[in-house]
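Here is a briefing on charge pairs and nonpolar packing. Please look over the entry below before reading on.

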Amino acid sequence: MKILILGGNGMLGPWAVKAMQDRHDILLTDINDPYPEYGGKFQKLSVDDVDGVVKAAEGMDMIVNLSVLRPHRKVAFDVNTMGNYAMMVAAREHRIKRVITTGPHYQKVGQQYEEWDFDLNPDMPPAPGTRLYAHTKALGQEICRVFSERHGIQVITLLYYNMKHSWNLGGPEAPVVYHEDMVPFSTAWQDCGTAVQAAVEVPEERLASKNEAFFIFPDLPHRKFDNEKTRRVLGWKPRYQVERLWNKDSRNPESNLTEAF
Amino acid sequence: MNVLITSAASATAQIIAGALDSGHTLRLTDLPENASGDIIANELGHESETDRLVAGIDAVVNIGYQGQSGSNTHLMDYHTRRMYNLLQAASDAGVKRYINISTLKLFQDHEENLVVTEKWRSDPPAEDIELLVAHMAEYVCKEFARDRLIQVVNLRLGWPFVGGSSSGADETAAISHGMIGESAAVALTAQELIQWQDIHVQSPVDHQRFITKTAARLLPELAGRLSS
């Protein structure tokens with residue numbers, strides 16, 4: 001399949017590319033140069049450049065938008081909102097049947113859900129609130145919904161929350177803390193990438209509608225969020241369960257013995 | 001009341017400003033390329049200019065449909081990012097009410113025999129950029145209301161706007177200039193409103209397309225002039 005990836009050189013992009021580059025024909029785009037290890041096709045392109053995205057999408061079977069910008073007010077709108085507009089205009093112009101978009105969980109289930117409820121699932125009506133990142137991503141998702149309803153474009157939205165390296169569960173901003181409270185929606189980067197692959201490859205007949213969203217995280221016991229749909233529909237099987245964060249039995253015993261006796 | 005009106009150079013804003021001028025102190029604003037005379041040029045950016053624009057304002061009347069013209073990306077940017085900036089500044093400044101002037105055209109694809117009210121989901125077409133961005137502006141407003149940062153009246157007006165003469169026989173969603181101005185005026189002071197309040201308004205015409213009972217209930221000064 002010929003796939004245009006937008007914003008492919010951020011945090012998620014390399015993992016998605018790694019999962020897909022031997023299986024699909026990828027055109028990677030970003031405003032930043034790719035990692036040196038990436039040997040495939042690349043084009044410098046800003047996701048909010050509507051004409052540029054339309055041009056890059058010519059001949060593609062699918063568009064995957066991995067672009068993200070959080071803190072800056074103008075750029076956040078340019079990337080998170082206008083980027084999805086550009087993607088959908090391109091999909092409409094070239095009759096591309098499926099697009100994949102990504103974002104944070106709270107573009108769907110904002111604070112008003114998260115602070116109150118459990119079993120939160122990706123089919124809930126969006127309530128992002130006004131937090132810049134969630135709000136701008138939610139606007140982008142709404143644009144996708146409108147285009148999907150009008151033009152029959154299959155939209156798959158992958159929602160993430162807390163990403164971790166499988167070898168360092170502390171993440172980039174803080175050292176790891178075991179056996180205390182954790183974000184009950186944590187996923188290893190490798191699995192974040194394979195989820196994109198699963199969304200690209202899921203057969204259309206398994207999707208209930210033209211606009212489907214999925215929470216991407218492994219099985220966690222908290223029941224704060226619900227990943228059942230992701231496993232059932234996408235067939236996505238995370239390799240890393242981040243279990244050391246939530247299961248005290250997985251700690252190293254001080255004696256270095258098994259403590260079985 | 002100190003009232004800020006956006007997209008002030010637009011026809012809709014001028015109708016509303018004409019209706020509010022005698023009873024309120026108006027501050028008019030528009031983008032620099034549109035502003036002239038009494039209209040304050042403002043980009044609605046996220047810097048302090050927008051904070052100064054809303055300082056001392058009690059209510060904002062925002063033209064959320066056909067207040068601007070230009071490229072598709074300009075319209076999308078204006079009705080998302082700049083709306084966000086304005087709402088953020090207004091919320092921070094303690095502005096109590098935000099009236100978003102939207103359009104009943106968001107329901108134009110529904111068959112005319114359907115009893116469309118505020119409880120129906122709007123259905124913006126992707127190919128009509130003016131309607132798509134009007135919908136997006138509503139979305140931005142709603143989230144500020146959801147977070148209880150500001151109280152929003154989403155006033156969806158009929159079409160076409162009719163001046164002095166009566167509407168045509170097939171203009172079943174028409175609204176008069178007088179009704180536009182009056183509905184904005186009474187929405188400024190209406191009391192029984194929830195945090196996010198959709199209100200549909202059109203003039204009473206033969207074969208009237210949209211139900212206006214919510215407007216009659218919540219804007220009682222209008223009730224006598226609306227279809228019962």
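Buried means under 20% relative accessible area, exposed over 50%, and partly exposed in between (1.4 Å probe, protein chains only). This is a predicted model, in which local features need pLDDT of at least 70, side-chain atom pairs count only at pLDDT 80 or more, and totals for chains, interfaces and linings use all residues. Residues are numbered from 1 along each chain as its sequence is written, chains are lettered from A and ligands numbered from 1 in the order in which they are written, and side-chain values use heavy atoms, with hydrogens and water left out.

**Salt bridges**

- A salt bridge is a side-chain nitrogen of Lys or Arg within 4 Å of a carboxyl oxygen of Asp or Glu. By this rule there are 24 salt bridges over all chains.
- Asp25(A) and Lys41(A) form a salt bridge at 2.7 Å, N to O. Asp25(A) sits in strand β2 (residues 25-30) of chain A and Lys41(A) in strand β3 (residues 41-44) of chain A, so the pair ties together parts 16 residues apart in sequence. Helices (H or I, at least four residues) and strands (E, at least two) are DSSP runs, numbered from the N terminus.
- Asp25(A) is partly exposed at 31% relative accessible area. Lys41(A) is also partly exposed, at 45%.
- Arg92(A) pairs with Glu93(A) in a salt bridge at 3.6 Å, N to O. Arg92(A) is partly exposed at 24%, and Glu93(A) is partly exposed at 48%.
- In chain B, Asp198(B) and Arg156(B) meet in a salt bridge at 3.7 Å, N to O. Asp198(B) belongs to strand β9 (residues 196-201) and Arg156(B) to strand β6 (residues 151-157), so this pair links parts 42 residues apart in sequence.
- Asp198(B) is buried at 12%. Arg156(B) is buried at 4%.
- Shared partners join Arg150(A), Asp109(B), Asp123(B) and Glu127(B) into one salt-bridge network.

**Nonpolar cores**

- A nonpolar core is a set of buried Ala, Val, Leu, Ile, Met, Phe, Trp, Tyr and Cys residues joined through side-chain atoms within 4.5 Å.
- The largest has 66 residues; Ile63(A), Tyr85(A), Met88(A), Met76(B) and Tyr98(B) touch the most other members.
- Elements giving two or more residues to this core include β1 (2-6) and α5 (132-151) of chain A, and α4 (129-146) of chain B. The largest share, 11 residues, comes from α3(A).
- Contact means heavy atoms within 4.5 Å. Leaving out residues up to four places away in sequence, Met88(A) touches residues including Val99(A), Ile143(A), Phe147(A) and Val155(A).
- A second, separate core of 34 residues includes Val3(B), Ala187(B), Val201(B) and Leu218(B).
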